[in-house]
Amino acid sequence: METVACSQGSAILEALIETIHSNAAFLSELDGAIGDGDHGINMDKGFLKTRAVVGDRQVHLSEGLDTLGNILLNDIGGAMGPIYGTFFMEMASACQGCESIDRVGFGQMLKRATHAIEELGGAKVGDKTLLDTFDELIRLEEYELCAEIKKATDKKPSRTKSKVHSD
Ligand SMILES: [Mg+2]
């Protein structure tokens, strides 16, 4: 199973920051349809501040996500700060001390973070909130994990067969 080294925290964090930064206008556009259109601006502010705080340091994934979560929670605030802050801080706790994460580990991180948000706001899956997106992501992870396991186990009979033939 493919794994990602947690020592690559800075690179992963930078990919997250760049994704939010380059989609900031789009996020604000989406927010504008139902809200005040500042979601992209606020997210971008928090992610860019994280880039400045981490700087050139090579951080463990847990430290990177925790820094991001803390900044979103304490410096950005509003409605999104506690939600995304909690989400990333829980993901950070879930991979603390881990050398690497695989698909199973990432699924566990997602589940833990999603559960924390559920507890925080009292929303449930199906309420048409951000939780629905996370729930979909968890299902996708589990589906792909099953497909990965199936692919691995499907290979077994042919290996056994060739072994039998060579005997
Ligand atoms: Mg807003």
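Predicted model: local features only at pLDDT ≥ 70, side-chain atom pairs only at ≥ 80, totals over all residues.
**Overall build**
- The protein has 7 helices and 2 strands.
- Follow the chain along the sequence and you get the pattern β-α-α-α-α-α-β-α-α.
- The radius of gyration is 19 Å, whereas a compact globule of 167 residues would come out near 15 Å.
- Taken along the principal axes, the C-alpha atoms fill a box of roughly 70 × 40 × 30 Å.
- Look at contacts between residues at least 6 apart in sequence: 56% of them join residues at least 24 apart.

**Helices H4 and H5**
- H4 covers residues 61-76 and H5 covers residues 80-94; their axes come within 7 Å and cross at roughly 165 degrees.
- Angles over 145 degrees count as roughly antiparallel, so that's what H4 is to H5.
- The crossing of H4 and H5 is left-handed.
- On the H4 side, the contact includes Ser62, Leu65 and Asp66, while the H5 side includes Met80, Gly81 and Pro82.
- Sort the residues of this H4–H5 contact and you find 12 nonpolar, 6 polar and 1 charged.

**Helices H2 and H3**
- H2 (residues 24-34) packs with H3 (residues 39-54) at an angle of about 140 degrees, and their axes are 6 Å apart.
- That angle makes H2 and H3 oblique to each other.
- H2 brings Ala24, Ala25, Phe26, Leu27, Ser28 and Asp31 to the contact, and H3 brings His39, Gly40, Ile41, Met43 and Asp44.
- The residues of the H2–H3 contact split into 6 nonpolar, 3 polar and 2 charged.

Technical notes
Residues numbered from 1 in each chain as written. Axes fitted to C-alpha atoms, helices over the stretch in contact; angles between N-to-C directions. Helix = DSSP H or I, 4+ residues; strand = E, 2+ residues; numbered from the N terminus. Parallel < 35°, antiparallel > 145°, perpendicular 65-115°, else oblique. Left-handed = near helix turned anticlockwise from the far one by under 90°. Contact = placed C-beta atoms within 7 Å. Nonpolar A, V, L, I, M, F, W, Y, C, P; charged D, E, K, R; others polar. Rg over C-alpha atoms; globule rule 2.2 N^0.38 Å.
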